[in-house]
Structures are given as structure tokens and as C-alpha cells.
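Subject: Structure handover and notes

Hi,

Here is the structure I promised to pass on.

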Amino acid sequence: MNAPKPPTDTIVAQQRELLNKLPFSDRRDFDDATRGLIARREPNAVKADDGTVLWDNDTYSFLDGEAPDSVNPSLWRQSQLASVAGLFEVVPGIYQVRGMDLSNTSFIEGDDGVIVIDTLLSAETGKAALDLYREHRGDRPVKAVIYTHSHADHFGGVRGFVSDEDVSSGKVRIFAPEGFLEHAVSENVYAGTAMNRRAGYMYGAALARGPQGQVGAGLGQTLSIGTVTLLPPTDIITTTGHEETVDGVRIVFQMAPDTEAPSEFLVYLPDFKALCAAEDATHTFHNLLTLRGAVVRDPHGWAKYLTETVDLFGGEVEAVFASHHWPMWGNERVVEFLSTQRDLYAYVHDQTLRLMNKGLTGPEIAEAIELPKSLENAWNARGYYGSVSHNVKAIYQRYLGWFDGNPASLWEHTPVEQSKRYVEFMGGADAVVAKARESFDAGDFRWVAQVVNHVVFAQPDHSEAKELLADTYEQLGYGAENGTWRSFYLSGATELRDGQFGTPTETTSPDVIGQLSPSMLFDAIAIQVNGPKAWGEKLSIDVVLTDNDDRYRLRLANGVLTYTDRAQDGDADATITTTKTALPALALGQLTAEALGKAGIELSGDASALARLGAVLDPGDKNFAIVTPD
């Protein structure tokens, strides 16, 4: 691998300027992040049975002292805080394990057992967290699991805490917000290949950890790479104010759909006067559109739900903890924190729309918008995971879509064809690179990235252009306050220098696929159909589910796979007979009679129909190009 290069004078000056701008003397977050420490897991590495390291928080031990010039000092501070690991007491009876994955897991002690809020991403890290808790708090049985929302780092570790038998026997209840299972599964399956590939960039999964590499993601340090699991909820919560008592613990739910996740709730524990804010109030400006890709989130609704949180619980709450970061204590500080987060989302939403209605485009608004000093200097409002820049563009996209209204943008050439023409107009690749070097020396890295990207896409074998673009991304990464921006830039530099690293982290697991409903499974197959290859194909397949008497007719015609659960005239070309539980095997293996037989699925009729369908399926590419053309 090529060695990283040092920061330029431009970046060094930028870091020094920020040191003088922000209130680094405010150390309250450091006090909060270490308060209540009971024990650390030493060493804090989690391994698979074969010795593969799935998580190692100790690799962040370099985060000590003052920020080096190669790291934005604000991000360095955030990474120091987010890397604080161990078992902590939030208040007597509530405990949290932090620094064991990107997210936290929390333990609420009841009369005899414990309630787990969020289970980390991997079963292995989840088990390690539970072991740490039990080592110091006793071997309490898990009475319930609460999934606060539908992102994998909050349910994926569930089998590290409980088993199928625990749940099916009724020993353990699993609570989740309305729509949880549909969103948890669909997000990881429909666009999972693209999201996971981009997530490798977002979390710096292939980067070395250190002052010139990955230092943290802003929301947490990075993702574990263990086994993503999923057990379906037993109890679906639909209403704000709904209260449950589990093992003597009173639990009040506040619904917050379409905020940080499409399916989400906050959890208030009145006997402890403690609020679990899920992922709706954290120590960062969160994403409205995550860089890995997702549906754009609603900041207007997000702000309204936080107003409701203050109205519902602000009169008595004394502690707030969340699925990421560290808690805060004291009614006045907690309410101030929730209000600051609320005002941040509301301000950026409202100001974006104000400027949008004056005719500014997303990139223009992102450059024009300024936060009030009260928000600018609030550490929990800094853009470590989301950012004002990309969140503003997300709001624009949510309301007006991809088109900026300029006819020139309506029918643009593809990136490669644009680049070829730009490079020709600018005097050829060598001339562009020569001019770009001058801009690089002047510190105009944003411009260099734009113009040299055109050279790389026009002439991907131009070694000087690739080298200059990698150097430019590296400098932009060094200067980024946002953890995911840094990782994206440095991952781009890595792939330009050393080749593509693929998809190091997967969230599309057999457990997740196993929860696909029949309609979701058929949709997942349909989006793999290579339309042009299937233009001349016409076939039908019936799917019969014996455990609930459901019957579906799948039809391939005009290059598209459709389905219906209504009774159809005539016989299908082939019939698949199975159970709802076994049906997801279609997504895990080849569509052949032999593969189906091994999964206990019966095939009758014309077996070639299934083979013909399989022949036009075109699965995603886990190693698709990002910083170079295909």
C-alpha cells in the first residue's frame, strides 16, 4: 500500500484557525463521557471462533493528547469522546456498554432480570457486552429487548443476548415501533448491495486507523464486522404514551416515525426519570441523508417530535442517554440539550426552504446558510456525522428532487462523456493536470477534486491525474470535521492508489433475508431482473404456501417480474410449493430444482421456467467502481 502524505500548509492553517474558533476549553462532555465508569473490557477486542478480529476499540488508543495537523481538531475531540469504552452506570439501575460497536447497548434492571435497549450490530459484540455487564452486575436473565429503531446497528446483535427459544417460549418479549420489520429488512435487501459498498467508504472500513487514516465516524468509531442477526418483535408499539410494565419496570413510549429512521420511538423510564432518546438526540448534527444512501429524512417532523419530547418529559427528566454517545444529567442541561437539537433541525429546515423559495439551488444554499452562534458553538450541534452542507442538499432533494430548474441540467451527458468533453475543451489531460497542480499548491482542493476527477473519468489510466486526485482527497480528508466525509475522502484516495477494496461490511445476512415477507421477497427478486436480457422471455410461476394457504402468481413479461395474490385463470408454467418460513431460501440460493429440493421446496410443472427466470437475474456488484469509471 502507498504511504499517506503529510498535510499541506493550507490544511495546517485551517486546523489552527478552528482551534481558536470553537470553545475547546469546555470539558463537560469529557466529564460526562467518563462518569459512572464501572469497568473496562481489557483488551477490548472481539474475535470470531476462527480468530478473525470483529471489533477492536484498542486500535483507537492513539487518540490521546492534542490533535495532530492531519486531523481536524473538532473531529479529534469527538473521536476521543466516542472511543471512551466500558460499562457505565447512567443512574442506579440503568447501565450502558459503550465502545463495543458503532452503537451502545443499555441495560435496565428490573425486579429479577434486565431489559436490553438496542443490541449493537453483531451477535459477537452483543454477547461481549452482555458478558461485561453480567461480570459486574450479576447473571440477571434478559426479560425483554427493545429495538428503538429499524437500523441494523440496533438489532443486529440480538442473538448475542437471547435465543429463538427464549422468545418463542415467552420468556423474552421484544418491543419495536410500528413498521420496524418491514423497514429493517427492506433497507438491507432492496438497495443493500449499493448501500454496503458505499458504507465501506463512509466508515473507512478498509483504512488504517491512525492520525493519517480512520479516526472515527462521528456517531461512533466504526462498524463491527460480525454476524448480523434478527429476531422478529413480539410486541409492536403504535401509540405515543403507550405504557408497559416489564419485570417491574414502567416503560413509556413516544413514537417518532420518519425521523432518524422510518420506524423509531423514544423510551421514557418514569421510575428512573431517565429518557432514552434513541437516535433522535445525539452529540452531533445527524444525517438527513446518510452518505451510504437512504430515503431522505424529515427534519421538520424530527424537530416537532423533539418538541413533543420536551413537552412530555421535560418537567421531570433528570438523565438522557441514547443509542450513541454519552449521557447527560440534570433537568436543566437535559432540556437544553433536547431543545438545542430540536432548534438545529428546525433552523436548517426552515432556512433551506426560505432560500429555496428565493431561487437558490441546493449547493448554493449549502454555501450560503449560517448557523446562529448559539448553535455554531454547541458541541452537540457540530456536523460530525451529518453536516450542514449535505443536509441542506438533502432537504432540497426532499422537496424539489434532483432537478435544479436549470434546463442545462435536464439532459446532461453521463460522467464519462462529460469528462471527455471537459478535458478536450480545457486543452487535454496533461494541461488540466498541470493547471490543477497550481490550484493544489494554492490550497483550492475542492476545485482540484472537481477538475481532476474529469481527467480520471476521461482517461482512467492517466497515472499523474490519479495520483493528484488521491493527494487532493487526502488533504480534504485531513481537513474534514465530519467523520464520514474524512473516511469517504481517504477511502477514495486509497482506491485510487491501491485498487478497489470491495465491501468489507455486510448487513444483508441470512437472518435478515429470513424475515422477508413473500411480497418483499418477490420484489427483491424483481429488482435483479436484467430487463433487456428478459425482453423476449415470458413465463409464469405459482407459489403455494402450505402453512397459511396463500397463493401467488409470478409473471415475467416485457422484461419485468410482477406478482399478484388474486386467483388467476389457467395453469402457471411451474408451481413452487413450500412454507412461508422456507420461502426466503429462494433469495439465498440458485433458482434450480436441486437447490430448491435441498431447501425443502417442491417444484412441479415445467422446471425450465424456473431456470429461465434464474438466467435473467443479474445480482448487484459488491465491488462496483466509485472514484473511477466502470
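**Charge pairs**

Glu109 and Arg140 form a salt bridge, with their closest N and O atoms 3.9 Å apart (a salt bridge here is a side-chain nitrogen of Lys or Arg within 4 Å of a carboxyl oxygen of Asp or Glu). Glu109 sits in strand β6 (residues 105-109) and Arg140 in the loop between α4 and β8 (142-146), so the pair ties together parts that are 31 residues apart in sequence. Helices (H or I, at least four residues) and strands (E, at least two) are DSSP runs, numbered from the N terminus.

Before going further, please keep in mind that this is a predicted model: local features need pLDDT of at least 70, side-chain atom pairs count only at pLDDT 80 or more, and totals for chains, interfaces and linings use all residues. Residues are numbered from 1 along each chain as its sequence is written, and side-chain values use heavy atoms, with hydrogens and water left out.

Back to that pair: Glu109 counts as buried at 10% relative accessibility, while Arg140 counts as partly exposed at 21%. Buried means under 20% relative accessible area, exposed means over 50%, and partly exposed is in between (1.4 Å probe, protein chains only).

Another one links Glu243 and Arg250, with the closest N and O atoms 2.9 Å apart. Glu243 is partly exposed at 38% relative accessibility, and Arg250 is partly exposed at 33%.

Then there is Arg421 with Glu417, where the closest N and O atoms are 2.8 Å apart. These two are 4 residues apart in helix α13, so about one helical turn separates them. Arg421 is partly exposed at 36% relative accessibility, and Glu417 is partly exposed at 28%. There is also a network: salt bridges that share partners join Lys5, Glu467, Asp471, Glu474 and Arg497.

**An enclosed helix**

Helix α16 covers residues 463-479, which makes 17 residues. From its first C-alpha to its last it reaches 25 Å, close to the 24 Å expected at 1.5 Å a residue (the expected span is 1.5 Å times one less than the number of residues). Of its 17 residues, 13 are buried, so α16 is largely enclosed by the rest of the structure.

**Surface patches**

For both, the residues have over 30% relative accessible area and no salt bridge; like charges are joined within 9 Å, and nonpolar side chains (Val, Leu, Ile, Met, Phe, Trp, Tyr) within 5 Å. Accessible areas come from the Shrake-Rupley method with a 1.4 Å probe, and for residues only the protein chains shown count as cover.

The nonpolar patch is made by Trp402, Leu410 and Trp411 and is about 520 Å². Trp411 is in the loop between α12 (388-400) and α13 (415-425), and counts as exposed at 82% relative accessibility.

The other is a patch of negative charge, where Asp547, Asp549, Asp550 and Asp565 gather on the surface. Lys and Arg count as positive and Asp and Glu as negative, with His and the chain ends not counted; the place of a charge is NZ of Lys, CZ of Arg, CG of Asp or CD of Glu.

Most residues other than glycine have a negative phi, and most peptide bonds are trans. Here are some exceptions.

Asp549 turns up again: its phi is positive, about 65°, although it is not a glycine. Asp549 is in the loop between β17 (539-545) and β18 (550-557), and is exposed, with a relative accessible area of 71%.

Leu120 also has a positive phi, near 65°. It is in the loop between β7 (114-117) and α4 (123-137), and is buried, with a relative accessible area of 0%.

Finally, a cis peptide bond joins Glu42 and Pro43, with omega about -10°. Pro43 is in the loop between β1 (37-39) and β2 (45-47).

**Towards the end of the chain**

Lys622 is in the segment after α22 (607-615) and is partly exposed at 46% relative accessibility.

Cheers
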